[in-house]
Amino acid sequence: FSSTVNCLNASFTDLSTFLPGQGPVSWLWNFGDFTTSTSPNPTHPYLPGTYTVTLTVTNAAGCQATISKTVVVAPLPTPTVSASPSPACVGQPVQFSASAPNIISWLWNFNDGSTNGSQNPSHSYLNTGTYNCTLTVVDNKGCTNTVPLSLTVNAAPPPAPITWTPALTVCAGTPVLLTAPAGSGYTYLWSTNATTPTLTVTTSGTYSVVVTNANGCTMLPDS
């Protein structure tokens, strides 16, 4: 018999030779995975692996012949996938990456209504939540597989400005108190390397602060 493996499916064809009038009237295929078939030319789904397939044919006189062959079923293409950063923040670009040999088609589904056909796309989320992303690939043999990737997206600090007292234009030497937006669990890093919610300055210049919430998401307030 002959066999053809297409991804995880195998097709078998009986090639028995016989004298005229003495051909087989029954077939018994043992697929090597505890399943059988009595079809002359069956097809059979497999899991990846190596299997010993046996065909027994019987003619009308009850005479039998048996042959066995090894069938190798290769795994489906299974790319390695990742997302960075993970977890991510609302509005922050997330870099999705994938690698696998012999892939001719990539399709990411970001689980928010968006898809992308690049191997390593970037995507930003507008809402918090856990997103069950998938990557579907097709290799150069036409075999398809889909792998999952879960990504949690956390809230960023809401936009808010830096406030000041008494004014942004003051006499030389007059202290100005700059106050960053407040929030539970917030940490601060001013352009002066100060880490307090407020900053008192007495020299002219441009001051900024990076506000980070408990989820590690950041915001750069307007002054």
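1. Two strands count as paired if DSSP finds at least two bridges between them. Strands are DSSP runs (E, at least two residues; helices are H or I, at least four), numbered from the N terminus. On that basis, strand 6 (residues 49–59) and strand 7 (residues 64–73) pair in the antiparallel sense over 10 bridges.

2. On provenance: this is a predicted model, in which local features need pLDDT of at least 70, side-chain atom pairs count only at pLDDT 80 or more, and totals for chains, interfaces and linings use all residues. Residues are numbered from 1 along each chain as its sequence is written, and side-chain values use heavy atoms, with hydrogens and water left out.

3. Back to the hairpin. Four residues separate strand 6 from strand 7. Gly62 sits in the turn and has a positive phi of about 90°. Thr58 has Gln64, in strand 7, as its bridge partner.

4. An open sheet is formed by three strands in the order 1-2-5, with antiparallel pairing. Its edges are strand 1 (2–6) and strand 5 (43–45), each pairing on one side only. Direction ignored, neighbouring strands here are turned by 20° against each other on average. Strand 2 (residues 9–13) is joined to strand 5 by three bridges. Asn9 stands opposite Pro45 of strand 5.

5. Next, the cores. A nonpolar core is a set of buried Ala, Val, Leu, Ile, Met, Phe, Trp, Tyr and Cys residues joined through side-chain atoms within 4.5 Å. Buried means under 20% relative accessible area, exposed over 50%, partly exposed in between (1.4 Å probe, protein chains only). The largest core has 19 residues; Val81, Phe96, Trp108, Tyr125, Leu135, Leu149 and Leu151 touch the most other members. At least two residues of this core come from each of strand 8 (80–84), strand 10 (94–99), strand 11 (103–109), strand 14 (129–139) and strand 15 (144–154). Another core, of 14 residues, lies apart from it and includes Phe1, Phe12, Trp29 and Val53.

6. What does Tyr125 touch, not counting residues up to four places away in sequence? With contact meaning heavy atoms within 4.5 Å, the partners are Val90, Gly91, Phe96, Phe110, Asp112, Tyr131, Cys133, Leu151 and Val153.

7. Asn145 deserves a look. Asn145 is found in strand 15 and is buried, at a relative accessible area of 17%. Its side chain makes a polar contact of 3.4 Å with that of Thr78. Such a contact is a pair of N or O atoms within 3.5 Å; within protein, one must be able to donate a hydrogen and the other to accept it, and residues adjacent in sequence count only if both atoms are side-chain atoms.

Notes:
Axes fitted to C-alpha atoms, helices over the stretch in contact; angles between N-to-C directions.
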